[in-house]
Each structure stands twice: as C-alpha cells, then as structure tokens.
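Please keep the model in view while reading.

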Amino acid sequence: MDFSAEQVRERLARVRDEVGPEVTIVAATKYVPVADMAVLAEAGIEVVGENRAQDLEEKHAAHGDSFRWHFIGHLQSRKAKAVSSICELVHSLDSESAARRLEVPALLQVNLAGEASKSGVSPDEIPAFLELYPPIRGLSTMPPATGDPERSRPYFGKLRELAGEHGLQELSMGTSQDYKVAAEEGATFIRIGSVLYEQ
C-alpha cells in the first residue's frame with residue numbers, strides 16, 4: 001500500500017472531527033501488510049481491527065504494543081482462543097460454539113438484512129446469546145453494500161433500537177462507505193479502512 005503517516009494522520013483527524021470524540025475509530029487492517037502497520041502507529045492510530053486470526057497473530061507478533069487490538073472478521077470457534085489472547089474486544093460473535101470458547105468481551109453481530117452471504121444472528125436470537133455469553137457488551141451489523149450512505153440509516157437505527165431493548169451500550173456499525181450516518185445513528189465504534197489509506 002502507498003500511504004504516509006502524514007496522510008493517514010490528516011485523514012484520521014478529519015474523520016474524528018466528523019464523528020466526534022464519543023466514537024472509537026477502529027482502523028480496519030485487512031489489506032495493510034505487516035510492514036506498513038508501523039506507519040499507522042506513527043500516524044496516531046490507537047485501535048486496529050483485523051479480519052483473519054492468522055493475520056492478527058502475525059501483525060500482533062510484530063507490533064503488539066503499538067495498538068489496542070480488535071477482531072472484526074468472522075470468528076471461527078477454533079480460533080477463539082487465539083483471538084482471546086490478543087484482542088480486547090470481538091465485534092463479530094455469531095455462533096454458540098465460538099461463544100463457548102471466547103474469553104474476552106464481544107459484540108453480537110446481527111444480520112438485519114437477512115443476507116445469506118453475511119454472517120450474523122437474527123434479532124430474535126439475541127436473548128439466547130445474552131444468556132449464553134454474558135460478556136456481550138453490544139451489537140454490530142453490516143448493512144447491504146450501497147453507493148448511498150442514507151440507505152444504511154434504517155439498519156443502523158434498527159440496531160440502536162435493539163441494543164436499547166436489551167440494555168446494551170455499544171454499537172459497532174459503519175464502514176468507509178457510511179460511517180458518518182452510523183455516527184449520527186449512535187455508533188460507538190466505526191470500522192474504516194479505505195477512507196484512511198486509499199489514494
């Protein structure tokens with residue numbers, strides 16, 4: 001990837017201005033090579049989110065103390081122990097088998113659009129997961145891909161309502177395509193990548 005610490009720092013500052021201090025910016029590092037992680041640290045990125053457990057372990061081994069680590073990809077139960085040893089929060093819990101092996105706080109991923117291609121539980125499954133895994137702190141979701149951020153708003157609003165119904169505080173929603181709308185609808189975490197790094 002071709003970006004400088006100065007570029008990332010400027011873009012990070014702009015996003016912070018747009019979403020406000022209450023929202024934690026999670027820099028999605030799925031496409032950031034291990035060698036470029038140092039640039040993110042230099043730019044002032046504090047929290048990174050990784051999608052794959054193997055990449056998480058590799059990047060953490062090289063840059064462990066530089067960031068707070070979150071897991072934002074699909075969590076396989078056999079990887080739950082490795083993820084637990086590195087991350088302070090998992091944004092994507094969606095299976096009983098992973099919940100039984102996870103040892104850190106999590107956000108329950110909800111598939112509000114019912115898309116077969118996406119992971120997540122249905123809204124009516126939330127109570128059972130809260131009983132099974134008490135360290136669930138909130139909910140996360142990924143609306144259908146769209147060129148119009150406003151089309152994501154109903155999904156973000158629904159997730160906020162569901163969190164309120166279940167007494168949950170944290171909401172992980174919004175990516176580079178729609179993070180401003182997510183913040184307006186109550187996101188406490190946004191997961192952004194391309195808006196920070198791409199030319």
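The text below treats the strands and their crossovers, and then the salt bridges.

This is a predicted model, in which local features need pLDDT of at least 70 and side-chain atom pairs count only at pLDDT 80 or more, while totals for chains, interfaces and linings use all residues. Residues are numbered from 1 along each chain as its sequence is written, and side-chain values use heavy atoms, with hydrogens and water left out.

**Strands and crossovers**

Helices (H or I, at least four residues) and strands (E, at least two) are DSSP runs, numbered from the N terminus, and two strands pair if DSSP finds at least two bridges between them. Burial is judged by relative accessible area, where buried means under 20%, exposed over 50% and partly exposed in between (1.4 Å probe, protein chains only). Strand E6 (residues 136-140) is largely enclosed by the rest of the structure, because 4 of its 5 residues are buried. Strand E5 (residues 106-109) pairs with E6 in the parallel sense over 4 bridges, and glutamine 109 stands opposite serine 140 in E6. Between E5 and E6 the chain passes through helix H6 (residues 126-132) in a right-handed β-α-β crossover; right-handed here says that, with the strands pointing away from the viewer, the path from the first strand over the helix to the second runs clockwise.

E6 also pairs in the parallel sense with strand E7 (residues 170-172), over 3 bridges, and serine 140 stands opposite serine 172 in E7. The chain crosses from E6 to E7 through helix H7 (residues 153-165), and this β-α-β crossover is right-handed.

**Salt bridges**

A salt bridge is a side-chain nitrogen of Lys or Arg within 4 Å of a carboxyl oxygen of Asp or Glu, and a search of the whole structure finds 9 of them. Three are listed here.

| Lysine 59 | Glutamate 50 | 2.8 Å |

Salt bridges that share partners join Glu150, Arg153, Arg160, Glu184 and Glu185 into one network.

Arginine 153 is partly exposed at 22%, as is glutamate 150 at 41%. Glutamate 185 is buried at 13%, whereas arginine 160 is partly exposed at 36%.
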